[in-house]
Amino acid sequence: QVQLVESGGGLVQPGGSLRLSCAASGIIFSINAMGWYRQAPGKQREPVAVITSGGSPNYADSVKGRFTISRDNAKNTVYLQMNSLKPEDTAVYYCNADVRRLPTSLGRVYWGQGTQVTVSS
């Protein structure tokens, strides 16, 4: 089994910053892409940022220039640095990871349980 555990969410004022972390644990041979998604009340889950195993990032247009995704492959951990936060960034943030558990296995996507981010004055 593979578990993803997020941390770092909370309440922040507009213009503030938060850093989310997501650590993968369990039987892991390698991790391909890792990413962050979010879901606001009444809306569908949407991608925020994704990073390849080689460290190449991609961002949703709504967060470009404000959010930075990074990863530490030695720790099987992905981070999301969020700056200049806006009320519309309020959502539950989920991480995911495309994990190969064995050298011969295909990748499978695992999800974390989510962490709440609230941007409000």
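Modeller: I will take Y93: setting aside neighbours within four places in sequence, Y93 is in contact (heavy atoms within 4.5 Å) with E6, L20, W36, Y37, R38, V48, F67, L80, M82, G114, T115 and V117. This is a predicted model, in which local features need pLDDT of at least 70 and side-chain atom pairs count only at pLDDT 80 or more, while totals for chains, interfaces and linings use all residues. Residues are numbered from 1 along each chain as its sequence is written, and side-chain values use heavy atoms, with hydrogens and water left out.

Y93 belongs to strand 9; strands are DSSP runs of E with at least two residues, numbered from the N terminus. The relative accessibility of Y93 is 0%, which makes the residue buried. Here buried means under 20% relative accessible area, exposed means over 50%, and partly exposed is in between, with a 1.4 Å probe and protein chains only. Q13 is 80 residues away from Y93 along the chain, and the two C-alpha atoms are 17 Å apart.

Two polar contacts involve the side chain of Y93. The term covers N or O atoms within 3.5 Å; within protein, one must be able to donate a hydrogen and the other to accept it, and residues adjacent in sequence count only if both atoms are side-chain atoms.

A salt bridge here is a side-chain nitrogen of Lys or Arg within 4 Å of a carboxyl oxygen of Asp or Glu. R38 and D89 are both buried, with relative accessible areas of 6% for R38 and 0% for D89.

Each of these two residues has a further partner. The side chain of R38 forms a salt bridge with E46 at 2.8 Å, N to O, and E46 is partly exposed at 36%. D89 forms a salt bridge with R66, where the closest N and O atoms are 2.8 Å apart. That pair connects distant parts of the chain: R66 is in the loop between strand 6 (57-59) and strand 7, 23 residues from D89. R66 has 11% relative accessibility and therefore counts as buried. Together, R38, E46, R66 and D89 are linked in a network of salt bridges. The whole structure has 4 salt bridges.

Rings of Phe, Tyr and Trp (its six-membered ring) pair if their centres lie within 6.5 Å; planes under 30 degrees apart are stacked, over 60 edge-to-face, and the rest tilted. The count by this rule is 1 aromatic pair. The ring centres of Y37 and W111 are 5.0 Å apart and the planes meet at 65°, so the pair is edge-to-face. Y37 in strand 4 (residues 30-39) and W111 in strand 10 (residues 108-111) are 74 residues apart, and the pair links these distant parts of the chain. W111 is partly exposed, with a relative accessible area of 37%.

The structure holds 1 disulfide, a pair of cysteine sulfur atoms within 2.5 Å. C22 and C95 form this bond, with an S to S distance of 1.9 Å. C22 is in strand 3 (residues 18-26) and C95 in strand 9 (residues 91-100), so the bond ties together parts that are 73 residues apart in sequence. The torsion about the S-S bond is about 45°, so the disulfide is right-handed. C22 and C95 are both buried.

One last item concerns Y94. The charged end of R45 sits over the ring of Y94, 3.7 Å from the ring centre. The rule asks for NZ of Lys or CZ of Arg within 6 Å of the ring centre and within 35 degrees of the ring normal.

Terms used
Helix = DSSP H or I, 4+ residues; strand = E, 2+ residues; numbered from the N terminus.
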